[in-house]
Amino acid sequence: MVRRETALQTAHGRLRQLIGSEFRSGDKLPNERELADRLEVSRATVREALGQLAGEGVVTRTWGIGTFVHDGVERVPVSIGDVTALRDRITASGHRPTLQDAAVSRAKCPADCARVLGLEPGSPVWRVDRLFAVDGVAAAWIRDHLPLRFAGRDLDPSGLVSIDLDMFEFLASATGMPVRRAEIELAAVLADEESTARLGVALGHPLVTATQIGYGVDDAALFHGHITVRTDVLTLRISRGGGPQPAA
């Protein structure tokens with residue numbers, strides 16, 4: 001037991017030294033096998049040492065993606081368990097949300113969006129691109145698609161280029177139908193060229209994407225969106241209660 005603890009302590013210290021001398025904030029560390037070979041210890045010892053460093057906030061570990069040097073940026077917790085504007089979730093956490101970039105245009109409806117909105121693929125729809133920042137740091141890129149018309153009403157989402165108008169608020173006003181619920185499906189991804197350009201991260205940086213569908217009364221789909229989040233800036237939190245969540 002004494003030998004095992006000594007080996008673990010030694011690996012822990014050498015890993016801290018290695019990280020401090022050869023890696024920068026946000027860098028991905030070699031895998032456990034490579035680290036074990038380099039430190040001349042077992043993979044189990046490396047795994048335990050990395051677990052300790054994660055607990056100390058030196059590194060962050062994401063299953064299936066890897067271990068990264070912690071960048072020291074405070075992560076802002078936002079809840080995705082209810083129908084609330086991202087802007088308001090960030091504000092409620094005591095931070096300042098801004099729009100670094102926003103654009104509204106007509107586009108061809110992607111196939112996954114068409115299925116949700118009940119349209120033919122390639123049909124014209126509105127596309128809304130918004131890049132949210134937290135305290136000046138790019139944090140979430142959201143691309144939403146919504147129909148040109150809904151329930152006989154023409155939709156004009158041009159006001160969404162302002163931080164003062166949120167998608168939920170816009171739809172409630174434009175359609176007379178508030179978003180009653182939102183379905184969100186999460187996935188872990190690595191940054192591609194487009195998300196690199198949008199969020200200012202390196203290729204391969206770990207991100208979380210969410211596909212979000214907003215529904216009104218009678219489960220009518222109002223919009224379909226994709227959210228790409230820097231989890232080194234935002235922490236997504238799902239809260240589940242004993243009953244249905246109230247609509248905003």
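How many of the eleven residues of strand β5 (residues 124–134) are buried? Nine are, so β5 is largely enclosed by the rest of the structure. Buried here means under 20% relative accessible area, with exposed over 50% and partly exposed in between (1.4 Å probe, protein chains only). The model is predicted: local features need pLDDT of at least 70 and side-chain atom pairs count only at pLDDT 80 or more, while totals for chains, interfaces and linings use all residues. Residues are numbered from 1 along each chain as its sequence is written, and side-chain values use heavy atoms, with hydrogens and water left out.

The protein chain holds seven helices and twelve strands. Helices (H or I, at least four residues) and strands (E, at least two) are DSSP runs, numbered from the N terminus. Of the 248 residues in the chain, 41% are buried. Contact means heavy atoms within 4.5 Å. Among contacts between residues at least 6 apart in sequence, 58% join residues at least 24 apart.

Strand β5 belongs to an open sheet of six strands. The order is β4-β5-β6-β11-β10-β9, and the pairing is antiparallel. Two strands pair if DSSP finds at least two bridges between them. β4 (97–108) and β9 (181–190) stand at the edges. Each has a single partner strand, so one side of each is left without a neighbour in the sheet. On average, neighbouring strands of this sheet are turned by 15 degrees against each other, direction ignored. For these angles, axes are lines fitted to C-alpha atoms, for helices over the stretch in contact, and angles run from 0 to 180 degrees between N-to-C directions.

On one side, β5 is joined to β4 by eleven bridges. D101 stands opposite L131 in β5. β5 also pairs with strand β6 (residues 137–147), over ten bridges. V134 stands opposite V137 in β6. β5 and β6 form a hairpin with two residues between them. In the turn, D135 has a positive phi of about 50 degrees.

Elsewhere in the sheet, eight bridges join β10 (residues 206–215) to β11 (residues 221–229). T211 has H226 in β11 as its bridge partner. Q212 lies in β10. This residue counts as buried because its relative accessibility is 8%.

F168 is one of the buried residues of helix α6 (residues 167–175). Seen down the axis of α6, the buried residues fall within an arc of 160 degrees, so they line one face of the helix. The arc is that of the directions from the helix axis to the C-beta atoms. D166 caps the N-terminal end of α6, with a side-chain oxygen 2.9 Å from the backbone nitrogen of F168. After α6 comes G176, whose phi is positive, near 70 degrees.

The largest nonpolar core has 17 residues. Such a core is a set of buried Ala, Val, Leu, Ile, Met, Phe, Trp, Tyr and Cys residues joined through side-chain atoms within 4.5 Å. L15, I19 and L29 touch the most other members. α1 (2–22), α2 (32–39) and α3 (43–55) each supply at least two residues of this core. The largest share, five residues, comes from α1. Beyond neighbours within four places in sequence, I19 is in contact with L29, L53, V58, V59 and V69. A second, separate core of 16 residues includes L146, L160, M167 and M177.

Technical notes. A polar contact is a pair of N or O atoms within 3.5 Å; within protein, one must be able to donate a hydrogen and the other to accept it, and residues adjacent in sequence count only if both atoms are side-chain atoms.
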